[in-house]
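Here is a short briefing on one protein chain. Look at the sequence and the structure first, then read on.

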Amino acid sequence: MAKSKNHTNHNQNHKDHRNGIKRAARRKPSSLGINPQLRKNNKYSLRKNRSKSELRLINLQVLARRWVAMVRRYQKYAAGMAQSREDGRRPAPKPKAPKKGKP
């Protein structure tokens, strides 16, 4: 009986480059050997002592993420509505009549 193939490197290079080969992330030095009180204080001081420009940037990033998520949800919803109309499951919405009373 013939020997079976033990190993091949076929396609591995292509798979490695599919998402790009990235540099290793830089690691923070471990703080396990440091005094626990100092570690806890350092954690809070890093969070609290940010400049106004850093805080503005963080707030803008959060707002941008929320806005992008909202747009994606709406696009998904609109695509689903269009698809269901094409399938005939749901009729097109009727225009709403204006409300009576005080403007």
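**Helix α3 and its leucines**

Leu57 sits in helix α3, where helices are DSSP runs of H or I with at least four residues, strands are runs of E with at least two, and numbering starts at the N terminus. This is a predicted model, in which local features need pLDDT of at least 70, side-chain atom pairs need pLDDT 80 or more, and totals for chains, interfaces and linings use all residues. Residues are numbered from 1 along each chain as its sequence is written, and side-chain values use heavy atoms, without hydrogens or water.

**Leucines in α3**

- Leu57 has a relative accessible area of 49%, so it is partly exposed. Buried means under 20%, exposed means over 50%, and partly exposed lies in between (1.4 Å probe, protein chains only).
- Leu57 and Lys3 are 54 residues apart along the chain, and their C-alpha atoms are 62 Å apart.
- Leu60 is also found in helix α3. Leu60 is exposed because its relative accessible area is 57%.

**Surface patches**

- Which residues form a nonpolar patch on the surface? They are Trp67, Val68 and Met70, with about 310 Å² of accessible area together.
- Patch residues have over 30% relative accessible area and no salt bridge; like charges are joined within 9 Å, and nonpolar side chains (Val, Leu, Ile, Met, Phe, Trp, Tyr) within 5 Å.
- A salt bridge is a side-chain nitrogen of Lys or Arg within 4 Å of a carboxyl oxygen of Asp or Glu. Accessible areas come from the Shrake-Rupley method with a 1.4 Å probe, and for residues only the protein chains shown count as cover.
- Val68 lies in helix α3, residues 52-87. Its relative accessibility is 34%, so Val68 counts as partly exposed.
- A patch of positive charge gathers Lys40, Lys43, Arg47, Lys48 and Arg50 on the surface. Lys and Arg count as positive, Asp and Glu as negative, while His and the chain ends are not counted.
- Each charge is placed at NZ of Lys, CZ of Arg, CG of Asp or CD of Glu.
- Lys48 belongs to helix α2, residues 36-48. Lys48 counts as exposed because its relative accessibility is 62%.

**Aromatic pair**

- There is one aromatic pair. The ring centres of Tyr74 and Tyr77 are 6.5 Å apart and the planes are at 45°, so the pair is tilted.
- Rings of Phe, Tyr and Trp (its six-membered ring) pair if their centres lie within 6.5 Å; planes under 30 degrees apart are stacked, over 60 edge-to-face, and the rest tilted.
- Both tyrosines, Tyr74 and Tyr77, are exposed.
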